[in-house]
Amino acid sequence: MMNHFIPRPAFRCTVAALMLLLGNSAATALGVDNWTNFRGPTDQGRADEAKLPIKWSETENVVWKTPVEGKAWSSPVVWEDRVYLTNANPEGTRLSVVALDKNTGEVIYDKLLHTVVLPQYCHPFNSYASPSPVIEDGRLYVSFGSPYNACLDAATGDVLWQRTDFVCNHFRGPGSSPMLFEDRLILHFDGSDLQYVVALDKQTGETLWRTDRTVNYDDVDAATGQIKLEGDMRKAYSTPIVIDVQGEPLLVSLGSMALYGYSPRDGQEQWRVDFVGSHSGACRPVLHNGLIYFSTGSGGELWAIKPDGAGVLDSSHVVWKQKRAVPKRSSIVIVDHRLYMVDDMGVASCVSTETGEELWRERLGGNFSASLIHADGRIYFFDQEGQTNVIKTGDEFEVLATNELETGLYASPAVSGRALFVRTPTHLYRLEDRVGKN
């Protein structure tokens, strides 16, 4: 079923388009008053000029703390004076959206969007509302995987259009977040049954293109016809980015066992890089100085590749690979010539973007899912147990502060101005150094 409502013309100059025009300098030029999607307006977790707090606790530098019921690992997004969250109950039968006042933490609306009679299975580690929303002037785009995708009036939460007709067995639950490019809303569906990328007209919800993944999933037993590993080999949870390659936009999209380059305007596959045997990639790719950096997922490798070429790219496009302390869930961040990351078991490291050479590696402890953030020469590492380590950028490992909250982070935080918006399993926090001494 597909419902339509044709709204008023919306602001059409997206952050992705500005990034194509301005290049990587947009990371600082755009600022971070509005945190528009998973990993922010640069798509890379960078809030370079933000003066975020270094220290906090349950009693220090907490501007407000608002309870949020349900189970959801989606990140908050911020537009002007509001913060938005998607949400779900633990059973996955009720999918909803929450808007809060950014200054006070007051709930403006908490709206049920869709009910699911028979939800798909979701792994206990995941949630039914793990994909993060996307916000632009007047419109909020939400995704809960195949059961429900919609465009909402940001002011009221009213549904402008919705889609409930996508087919995908998420198998372990959804994870890929939507992204905007020009007049398109781009979605990933990498399930155990079907694997494809789709672009919708953001004004109407109509499908503009759909492209199936082309990698050869060699996970079917020829004798029995049964899928090996119960479909995990076909799964991915990553969110794409759009980059500029020789003056043309390219959608960089991580699937199971391959990274793809598509034309975001018509969905045509431009190239593919295979990493056979590795699946369930969740980290968002990052662009830096003309190279793409990504984690392969279960295979535990970090690759740096050149994004040009056509067809199935060979090893000549792979600049380097790294196999130590590579994350499967937490997305990396790059500042200057250094790449920072933390693996799922709490080993943090810094490597050279040029060679992959390890500059330092230290155990933080804990378990990690939330993606890293850079602000003002500091890298923020958020673990699932409630601890955040703030580490100084550079060739030497230096911890500036270690902070504790009552519960941990599975969702990646958002930034607006000097404030850090942190979603835990029970609350949304606004953390800010109110005396300005950071």
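Author: A residue is called buried when its relative accessible area is under 20%. The model is a predicted one. With that cut-off, the share of buried residues among the 438 in the protein chain is 61%.

Reader: How many helices and strands does the protein chain have?

Author: The model is predicted, and the count is taken over the protein chain. The secondary structure of that chain comes to two helices and 34 strands.

Reader: What share of the contacts in the protein chain with a separation of 6 or more comes from residues 24 or more positions apart?

Author: A contact here means heavy atoms within 4.5 Å. Among contacts with a separation of 6 or more, residues 24 or more positions apart account for 54%.

Reader: Is Pro 41 buried or exposed?

Author: Pro 41 sits in the loop between helix H2 (26-29) and strand S2 (62-67). Buried means under 20% relative accessible area. Because its relative accessibility is 4%, Pro 41 counts as buried.

Reader: How far apart in space are Pro 41 and Val 415, C-alpha to C-alpha?

Author: In sequence, Pro 41 and Val 415 are 374 residues apart. In space, their C-alpha to C-alpha distance is 10.0 Å.

Reader: Which residue in S30 stands opposite Arg 378?

Author: Strand S29 (residues 378-382) and strand S30 (residues 387-392) run antiparallel and are joined by five bridges. Opposite Arg 378 stands Lys 392.

Reader: How much space lies in the largest pocket?

Author: The lining of the largest pocket has eight nonpolar, 17 polar and five charged residues. The volume of the largest pocket is about 700 Å³.

Reader: Which residues that line the largest pocket are the closest to its centre?

Author: The largest pocket is lined by 30 residues. The closest to its centre are Phe 125, Asn 126, Tyr 237, Ala 282 and Arg 329.

Reader: Which strand gives the most to the lining of the largest cavity?

Author: The search of the whole structure finds three cavities of 30 Å³ or more, and the largest cavity holds about 80 Å³ of space. Its lining has 14 residues, with Gly 145, His 170, Gly 175, Ser 176 and His 188 nearest the centre. With four residues, the strand that gives the most to this lining is S12 (residues 184-190).

Technical notes:
Residues numbered from 1 in each chain as written. Predicted model: local features only at pLDDT ≥ 70, side-chain atom pairs only at ≥ 80, totals over all residues. Heavy atoms only, no water. Pairing = 2+ DSSP bridges. 1 Å grid on protein atoms, 1.4 Å probe; cavity = no way out; pocket = protein on both sides within 12 Å on 5 of 7 lines; lining within 4 Å. Points joined across faces, edges and corners; volume = space filled by probe spheres on them. Nonpolar A, V, L, I, M, F, W, Y, C, P; charged D, E, K, R; others polar. Buried < 20%, exposed > 50% of the residue type's maximum accessible area, 1.4 Å probe, protein only.
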